[in-house]
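Please look through the structure below with me before reading on.

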Amino acid sequence: MIFTKETAQQTAELLLQINAIKLNPKNPFTWASGWKSPIYCDNRITLSYPEIRKYLKEEFAKHIVAKYGKPDVIAGVATGAIGIGLLVAEALELPFVYVRPEPKKHGRQNQIEGQLEPGKKVVVIEDLISTGKSSLQAVEALKENGADIVGMAAIFTYEFQISKDNFAQAGVELTTLSNYTSLLENAVKQNYISASDLETLQEWRINPSEWNQ
């Protein structure tokens with residue numbers, strides 16, 4: 001689910017402008033999982049553009065309060081969402097924590113960095129949703145530490161069916177600034193891709209793990 005159509009279109013346009021999202025159907029990228037993909041998304045690039053990170057921060061803050069009410073804590077998923085999560089927490093004047101993929105092997109062996117008291121209402125910030133597995137692992141770690149998870153808000157989702165199933169099974173509501181559908185609409189409108197490229201990109205999302213084998 002996106003916050004609003006207008007925000008989804010504007011966010012997609014900004015991500016394309018700065019090459020945070022790259023589309024290359026003719027020369028696919030290889031993800032860490034081994035999947036071949038005609039798209040690559042690195043939303044951390046947005047942090048290098050003051051006006052764009054300001055836009056994302058303000059959109060997150062505005063829509064989170066409108067949708068969930070003001071939570072007690074903002075949590076970012078490490079490492080990609082630490083930066084934007086902190087900006088959102090600052091905008092809302094809220095405490096911030098971040099969640100590691102697993103506990104540290106030394107020191108206090110924390111998985112959650114920062115002060116999190118049990119029972120606090122938490123909105124989790126993520127930069128990118130693919131299958132949702134790592135994002136939901138962060139949610140589980142927060143729950144184990146007593147957090148009341150209100151929902152998750154992300155910059156972008158590929159809208160894979162597996163991610164929708166994973167979030168539904170976990171009982172976590174996901175809302176994003178933009179999504180794959182809005183991206184393709186904007187890419188066509190701005191002439192980033194051709195009609196044949198659009199067909200390839202649409203096919204890929206249906207079965208990304210088997211595409212281009």
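1. Is glutamine 9 buried or exposed? In this predicted model, glutamine 9 has a relative accessible area of 13%, and because buried means under 20%, glutamine 9 counts as buried. The residue belongs to helix α1, which covers residues 5–17, and, if its neighbours within four places in sequence are left aside, glutamine 9 is in contact with Ser182, Glu185, Asn186 and Lys189.

2. Turning to the sheet, six strands make up an open arrangement with mixed pairing, in the order β7-β6-β5-β8-β9-β10. Strands β7 (112–113) and β10 (174–179) are at the edges and have a single partner strand each, so one side of each has no neighbour in the sheet.

3. Within this sheet, strand β5 (residues 73–77) pairs with strand β8 (residues 121–129) in the parallel sense, over four bridges, and valine 73 stands opposite valine 122 in β8. Helix α4 packs on the sheet, where it touches β5, β6 (96–99), β7, β8 and β9 (148–157), and the direction of α4 makes about 165° with that of β8.

4. Helix α4 (residues 133–144) also has a helical partner, α5 (residues 161–170): the two axes come within 11 Å and cross at roughly 15°. That angle makes α4 roughly parallel to α5, and the crossing of the two helices is right-handed.

5. As for the residues involved, Ser135, Leu136 and Lys143 of α4 meet Asn166, Phe167 and Ala170 of α5. Sorted by class, this contact of α4 with α5 has three nonpolar, two polar and one charged residues.

Note on methods
Residues are numbered from 1 along each chain as its sequence is written. This is a predicted model: local features need pLDDT of at least 70, side-chain atom pairs count only at pLDDT 80 or more; totals for chains, interfaces and linings use all residues. Side-chain values use heavy atoms; hydrogens and water are left out. Buried means under 20% relative accessible area, exposed over 50%, partly exposed in between (1.4 Å probe, protein chains only). Contact means heavy atoms within 4.5 Å. Axes are lines fitted to C-alpha atoms, for helices over the stretch in contact, and angles run from 0 to 180 degrees between N-to-C directions. Angles under 35 degrees count as roughly parallel, over 145 as roughly antiparallel, 65 to 115 as roughly perpendicular and the rest as oblique. A crossing is left-handed if the near helix is turned anticlockwise from the far one by less than a right angle, and right-handed if clockwise. Ala, Val, Leu, Ile, Met, Phe, Trp, Tyr, Cys and Pro count as nonpolar, Asp, Glu, Lys and Arg as charged, and the others, Gly among them, as polar. Two strands pair if DSSP finds at least two bridges between them.
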